[in-house]
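Good morning, and thank you for the time.

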Amino acid sequence: MPKKTSILVVEDDGLMQTAYQDRLELDFDEVIIVGTIYDGHQAFRQHDGEFDVMIMDFQVPLRQDSGTQPNGPCNTINLVRRIRRSGFTNPIIAASSMHD
């Protein structure tokens with residue numbers, strides 16, 4: 001039986017979450033989408049880091065209760081560093097829909 005493929009997406013924009021879900025479910029057996037840095041870290045831990053790839057928005061809130069403004073790229077970078085230190089070597093794709 002082939003290995004089940006999975007992807008974790010950390011994205012706080014609802015429209016982008018829907019777009020990712022619609023497209024990625026065509027290629028992955030399991031698509032997990034969360035909207036905060038905290039939830040991304042929790043999902044990573046709950047799945048023992050067994051993701052084939054991760055997509056992370058460059059600016060997402062740290063937690064739901066941190067307001068609507070992103071806490072900045074530092075939190076995303078810190079999460080990536082923490083994940084890399086855990087031994088995760090699969091691709092982590094940084095994404096952003098920032099524009100003028």
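First, the basis of the work. This is a predicted model, in which local features need pLDDT of at least 70 and side-chain atom pairs count only at pLDDT 80 or more, while totals for chains, interfaces and linings use all residues. Residues are numbered from 1 along each chain as its sequence is written, and side-chain values use heavy atoms, with hydrogens and water left out.

The protein chain has three helices and four strands; helices (H or I, at least four residues) and strands (E, at least two) are DSSP runs, numbered from the N terminus. Read from that terminus, the elements follow the pattern β-α-β-α-β-α-β. Of the 100 residues, 36% are buried, where buried means under 20% relative accessible area, exposed over 50%, and partly exposed in between, with a 1.4 Å probe and protein chains only. Among contacts with a separation of 6 or more, 63% link residues 24 or more positions apart; contact means heavy atoms within 4.5 Å.

Let us turn to the sheet. Its four strands form an open sheet in the order S2-S1-S3-S4, with parallel pairing; two strands pair if DSSP finds at least two bridges between them. Strands S2 (30-34) and S4 (92-95) stand at the edges with a single partner strand each, so one side of each is left without a neighbour in the sheet. On average, neighbouring strands are turned by 15° against each other, direction ignored. Axes here are lines fitted to C-alpha atoms, for helices over the stretch in contact, and angles run from 0 to 180 degrees between N-to-C directions.

Strand S1 (residues 6-10) pairs with S2 in the parallel sense over five bridges, and Leu8 stands opposite Ile32 in S2. Helix H1 (residues 14-24) packs on the sheet, where it touches S1, S2, S3 (53-57) and S4, and its direction makes about 175° with that of S2.

Within S2 we find Val31. Is Val31 buried or exposed? Val31 counts as buried, at 17% relative accessibility. Not counting residues up to four places away in sequence, Val31 touches Ile7, Gln21, Leu24 and Glu25. Its C-alpha atom is separated by 7.6 Å from that of Val9, 22 residues apart along the chain.

Now the largest pocket. The residues that line it are Ile37, Tyr38, His41, Leu62, Asn75, Asn78, Leu79, Arg82 and Arg85; lining residues have an atom within 4 Å of a point of the pocket, which is an open set of points on a 1 Å grid over the protein atoms alone, where a 1.4 Å probe fits, with protein on both sides within 12 Å along at least five of seven lines. Helices H2 (37-46) and H3 (73-85) are the elements that give two or more residues to this lining. Which gives the most? H3 does, with five residues.

One of the lining residues, Asn75, has its place in H3. Asn75 is buried, with a relative accessible area of 18%, and is in contact with Ile37 and Leu62, leaving aside its neighbours within four places in sequence.

Finally, Asp48 has its place in the loop between H2 and S3. Asp48 is exposed, at 64% relative accessible area. Its phi is near 50°, a positive value in a residue other than glycine.
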